[in-house]
Amino acid sequence: MIKRVNKLTALLVAATAVASMVPGITANAADYTKIASQEGTIYAAKAYKDGKFYVDGNVKDGTSEAAYYLNGGQYTQIDGIDSGATVTGTYGDKYVSVDDGSYYVDLSSGKVTDEKVAENAKDDAAMALKKNIKDKANDRYTTQYADLKTDLTELPGAEFGATWYATTYDGKNVYTDAKGNYIDADYNLGKIKVEFDNSSKTVNITNSKDTTKTEITDKNVVNATIDTASAPQVIGQDSNYIYRLAQIKVAVTTTAGGTLTDKISKINGVSVGTPSSAPASVKVIQKISKAQATDTIDGAKYAKTVSDYEITDDAGVAVTPANTLDNNTKYSIVDGKIITYTNGKVQTIELKSKGVLNYTDLDSVNTDATGILDVDVNGNLWKLDGGYVYQFDNNDTWNKVYKVDGSMNQLSVYDKDNMVTWNEKDEVYSIVGNKETETPVVTPEVKTGWVKNADGTWSFVKADATKVTGWYNDNGTWYMLNSAGIMQTGWINDNGTWYYTNGSGAMQTGWQLVNGTWYYMQSSGAMKTGWLNDNGTWYYLNASGSMAVSTTVDGYKLGASGAWIK
């Protein structure tokens, strides 16, 4: 294994200015946990709970490139999986999929199988769903009970969560868990309040079964459905709810002999524009419970609760999220909040209620969703950027949690206590949550730039929190910092060549009076010895660099000023 090498090169070139200022200080303090780096090549990795990981690569001296199960600091090679195999995702609460599902590794035990775990589970769910629907919902689903397995689609959500599937049955949107416990999501539309231009009467709609909802006046009736012209889009889930974007269509009709007079003006307190008898549609975020209602309608199970949230503020005025609510935006659900993150922008959408109106409260937009992003098992958003691992606070701020090697460019997070970050090319990685990791020490973030140490000495700290050593050029002025990163002052012997730095550490050039003796420092900073022609006047510098005065050298007489007396 070729170990990672830090290439630090300092080139000494001509300095043209003399600086005497004390270096400035910049501060950016915050608490974080510094994580030790390990040398080794990682091609792919997946973090899991309790310090368990899938790691593919060459991670230690004396080991070969292979796929490993890491548990408690012990690497165990996984038989049957070649190093370099692609990690293609996760399934269920414990599996990582390798090579497009050719293999599944059980991260709770490290066992590997070539069985089609996800595909088999989908087949089982389809069979269970078919059994639960058959002969119990004839009035709801009128066609024959066809095989559903090819219609099941896994719902999006955080990794290692419970698996739920979506399908359509007779045009109805049905969601089911792995055991076939399903809800017909188009039955219960939640509470919908419809207002009219000529009536203060409220119409509340709770499901889409009935053709006739409520008589208003002159035999006019109102009904509501999920608008099939705009298919609902599931954007995420948590342990109790499914969240989706949907269009609810509300229409006013009339019975035989009636006159269509009522015009819809508001839906759930939100104006639809010019009142009209024509059908009106509103876009909502639906929060659908996974729990089934105790009752059935036409034999079909439906959700215990459904809430519809208009894309408005608390006054019913339309709002525009920073990330368009469509299938081009990425979503995460955490603590009942919806986090959208796309194109460098992250925004939290909170679902709130005020009177009859359910609305969306938009938090401030954060434009720092850059670097490598990942979502943990609880839906929290993380990013790796510039040698730090940040967690989004589910409001508007990124908080530094860990400091890692600045070259890291890959990240896998299970939760705050279990993650892995690495750089394949630079052959370095760090693991949080395993015995292999050195005990993290919480330290204040170091200041960058010139920093005064506790003993009064100075150091220059780079952005990656390391101290500069050797010669350092700061805005045209050279400084020397020893192997401990401490700025030097006075005389400096660098590989047999002498330099002189003043009290602020700045390297000097030209004539320098030191303790009553004159020395000449060349443009490179190197001390001159021997004969020196300075603007047509000759001087002689002894081997010690001191200027010779009132003496004769090589037959030439030098005066008290050191100049050759012709």
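Me: Why does Asp106 count as buried?
Reply: Its relative accessible area is 10%. Buried means under 20%, exposed over 50%, and partly exposed in between (1.4 Å probe, protein chains only). At 10%, Asp106 is therefore buried.

Me: What kind of model do these values come from?
Reply: This is a predicted model, in which local features need pLDDT of at least 70 and side-chain atom pairs count only at pLDDT 80 or more, while totals for chains, interfaces and linings use all residues. Residues are numbered from 1 along each chain as its sequence is written, and side-chain values use heavy atoms, with hydrogens and water left out.

Me: What makes Lys94 and Asp106 a salt bridge?
Reply: Their closest N and O atoms are 3.3 Å apart. The rule asks for a side-chain nitrogen of Lys or Arg within 4 Å of a carboxyl oxygen of Asp or Glu. The pair therefore qualifies. Side chains of opposite charge can pair when their charged atoms come close.

Me: Why can one say that Lys94 and Asp106 tie parts together?
Reply: Lys94 lies in the loop between strand S7 (87-91) and strand S8 (95-98), and Asp106 in strand S9 (103-106), so the pair links parts 12 residues apart in sequence. Strands here are DSSP runs (E, at least two residues), numbered from the N terminus.

Me: Is Lys94 buried or partly exposed?
Reply: Lys94 has a relative accessible area of 25%. That makes Lys94 partly exposed.

Me: How many salt bridges does the rule give?
Reply: Six. One of them joins Lys46 and Glu159, at 3.3 Å from N to O. Lys46 lies in strand S3 (41-47) and Glu159 in the loop between strand S11 (153-154) and strand S12 (164-169), so this pair ties together parts 113 residues apart in sequence. Lys46 is buried at 10%, whereas Glu159 is partly exposed at 22%.

Me: Why do Glu195 and Lys193 count as a salt bridge?
Reply: Their N to O distance is 3.9 Å. Glu195 itself is partly exposed, at 21%.

Me: How do you know whether Thr176 is buried or exposed?
Reply: Thr176 sits in strand S13 (172-177). Its relative accessibility is 0%, so Thr176 counts as buried. Leaving out residues up to four places away in sequence, Thr176 has contacts (heavy atoms within 4.5 Å) that include Leu129, Trp164 and Tyr182.

Me: What makes S33 and S34 a pair?
Reply: DSSP must find at least two bridges between two strands. Strand S33 (388-392) and S34 share five, in the antiparallel sense. Tyr390 stands opposite Lys400 in S34.

Me: Why is S1 also called a partner of S34?
Reply: Two bridges join strand S1 (31-34) to strand S34 (398-403), and these run parallel. Two bridges meet the cut-off, so S1 and S34 pair. Thr33 is bridged to Tyr402 in S34.

Me: What makes S2 and S35 edge strands?
Reply: Four strands form an open antiparallel sheet in the order S2-S37-S36-S35. Strand S2 (38-39) and strand S35 (410-415) each pair on one side only. S35 is joined to strand S36 (418-423) by five antiparallel bridges.
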